[in-house]
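I opened this notebook to keep track of what I looked up in one structure.

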Amino acid sequence: MSNPPPPVASVVIPPSAPPPPPVDQSPNASQKKYQNWKEAWDDARAVVAVDIAVLQTTVSEPEQTGSYMSKHITYLIRTEPYTYLVRRRYTDFVWLRDVLQKRYIGMLLPSLPPKTYQSTGSGSSSTSGLVKHRMRMLGIFLENLVQIPYVRGDPSVLAFLSVQNESEFDAAKTATAIPDLFSDTSAGAIKWRDALRSATIPHNGQRVLMDFINQLEYLEGHLKKLVAATKTLSERAIAKRASMDVLATVFQEWGKTEMEFSNSSKFEYPNKTGQVMAKLLSTSHDKLKGWSKVLSFEPTIIESVVFAALSFLQQQVDAFKSLIKIRDASIRDLEKSDKSLAQKKAEKDVGGDGDKPVSTGVFNFGAKGETLNEAIAREENEVRAKRRSVEAMARALFFSEIDRFNENRMEQLEAAMACLAASELMVSKKNAKLFAAFFGAMNLDAGEWSEKAKAVLSLQEQVEELQFDD
């Protein structure tokens, strides 16, 4: 099946974003109901796939741009199958996530790396090492984002991925940044509304949420320890490679010395085995140097696979905690608005005159010259909108996001460990090939020496089981 044509062949930005047509929110409106969140997500995938192919993104080629006082780094983003090529900076990623978080109420989006953070040390502690790590984390963010069917065809996402000209992209930001889920007419927003309508909030919802928050705290503790251990592992891998380089260099110097020992013009009694010894040392140097090259992959594997995956999981825990904090803040704001509305209604009931101007004061934020009736009507609309948002957040949490978070973290960890296993398998094969060549170069029997090595290692294991006794 061929891919549909690119959804953004040429982006034309209107002078101002046209208001979206009103969405029918009446009980008789066509609304799809789902039995579970996976059914809803599968339906969203099917609907979005009509216009948007499954996207594959990569983030690469960091490049520093800007003047001396305002330098920043941009990253090349490639999107297949449409071959989009754009450059974006970190703040563009932040903009995209903020817009989507406001639009898709209650949805747990992939997290971004913090503006400042500590890398594992791969690439020393240089700026390049930090840039590489951020590039990797931005790549993980985008890879996971375009896998969400609701946002894959979102206008802001497509603009982010496709609009090359900087001024046009700035205009696209304004034109596509519709924060209101309930008036957005994009396919993804409509499907997300359908999903939320299918949700029910359990009677013990608050207890369930508190229990889940406790689980997040435990997860955060484990992940902090794992990230710290991975950092140490990376530092030791770098140190091991450096020590191996020293070892190889000293072997090379020793080989030169052995050649000198066999020189009869320099020594009255030259070493008769000097040249053979020099060959052994030269071969050893070559293999150690090769081993050092293989070891150079280890910090990259640890940084790009293990550390990146664990860091992303830790960020996702923080993102979910932030999502719950946003919900809690929205509830407090709703309660405050409810109280203000009740006070105005009470004032009208007591005074009986709704056309009188609203009493002004330090804490009155109503429109200037607003009547009491107008203030009540305005605040009723505000309370209605806030209550709808709070309910949408709760529905999202219990319909899909808690379960999806748990499934996603399992998938992320499984993918990371599979990638680690595949990487280490490739490294092992390189090592096997490297040291097999040593036996060939020295005309030694690999099988015979394997048995001898096993015997030595077996003895060491037996000693480790003993306790030293004075």
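The entries below go from the whole chain to single residues.

**Entry 1: ground rules**

I am working with a predicted model, where local features need pLDDT of at least 70, side-chain atom pairs count only at pLDDT 80 or more, and totals for chains, interfaces and linings use all residues. Residues are numbered from 1 along each chain as its sequence is written, and side-chain values use heavy atoms, with hydrogens and water left out.

**Entry 2: the whole protein**

I looked up the secondary structure and found twelve helices and three strands. Helices (H or I, at least four residues) and strands (E, at least two) are DSSP runs, numbered from the N terminus. Of the 470 residues, 39% count as buried. Buried means under 20% relative accessible area, exposed over 50%, and partly exposed in between, with a 1.4 Å probe and protein chains only. I then looked up contacts, meaning heavy atoms within 4.5 Å. Among those with a separation of 6 or more, 74% are between residues 24 or more positions apart.

**Entry 3: helix α10**

I checked the length of α10, residues 297-351. The expected span is 1.5 Å times one less than the number of residues.

**Entry 4: Asp154 and α5**

Where does Asp154 sit? I found Asp154 in the loop between α4 (149-152) and α5 (155-162). Asp154 is buried, with a relative accessible area of 0%. Not counting residues up to four places away in sequence, Asp154 touches Leu100, Arg103, Tyr104 and Ser186. With Tyr104 there is a side-chain polar contact of 2.6 Å. A polar contact is a pair of N or O atoms within 3.5 Å; within protein, one must be able to donate a hydrogen and the other to accept it, and residues adjacent in sequence count only if both atoms are side-chain atoms.

Asp154 also caps the N-terminal end of α5, where a side-chain oxygen lies 2.8 Å from the backbone nitrogen of Ser156. I looked up the cover of α5 and found seven of its eight residues buried. Ser156 is one of the buried residues, and so are Leu158, Phe160 and Leu161.

**Entry 5: Val146**

I placed Val146 in the loop between α3 (127-145) and α4. Val146 is buried, at a relative accessible area of 3%. Leaving out residues up to four places away in sequence, Val146 touches Leu55, Thr57, Arg152 and Leu161. The C-alpha atoms of Val146 and Leu158 are 10.0 Å apart, with the two residues twelve apart along the chain.

**Entry 6: aromatic rings**

How many aromatic pairs does the structure hold? I noted 15. Rings of Phe, Tyr and Trp (its six-membered ring) pair if their centres lie within 6.5 Å; planes under 30 degrees apart count as stacked, over 60 as edge-to-face and the rest as tilted. Tyr82 is buried at 6% relative accessible area, and Tyr84 is buried at 8%.

Trp95 and Phe169 make an edge-to-face pair, 5.8 Å centre to centre with 85 degrees between the planes. Trp95 lies in α2 (residues 90-103) and Phe169 in α6 (residues 166-176), so the pair ties together parts that are 74 residues apart in sequence. Trp95 is buried at 16%, and Phe169 at 3%. Ring pairs link Trp95 and Phe169 into a cluster with Phe93, Phe141 and Phe160.

Next I looked for charges over rings, where NZ of Lys or CZ of Arg is within 6 Å of the ring centre and within 35 degrees of the ring normal. The charged end of Arg88 sits over the ring of Phe160, 5.5 Å from its centre. Arg388 lies over the face of Phe182, at 4.1 Å from the ring centre.

**Entry 7: backbone exceptions**

Most residues other than glycine have a negative phi, and most peptide bonds are trans. I found a cis peptide bond between Glu80 and Pro81, with omega about 15 degrees. Pro81 is in the loop between β2 (72-80) and β3 (84-89).

Glu61, in strand β1 (residues 56-65), has a positive phi of about 50 degrees. Glu61 is partly exposed at 49% relative accessibility. Asn443 has a positive phi of about 55 degrees and lies in the loop between α11 (372-442) and α12 (446-464). Asn443 is exposed, with a relative accessible area of 71%.
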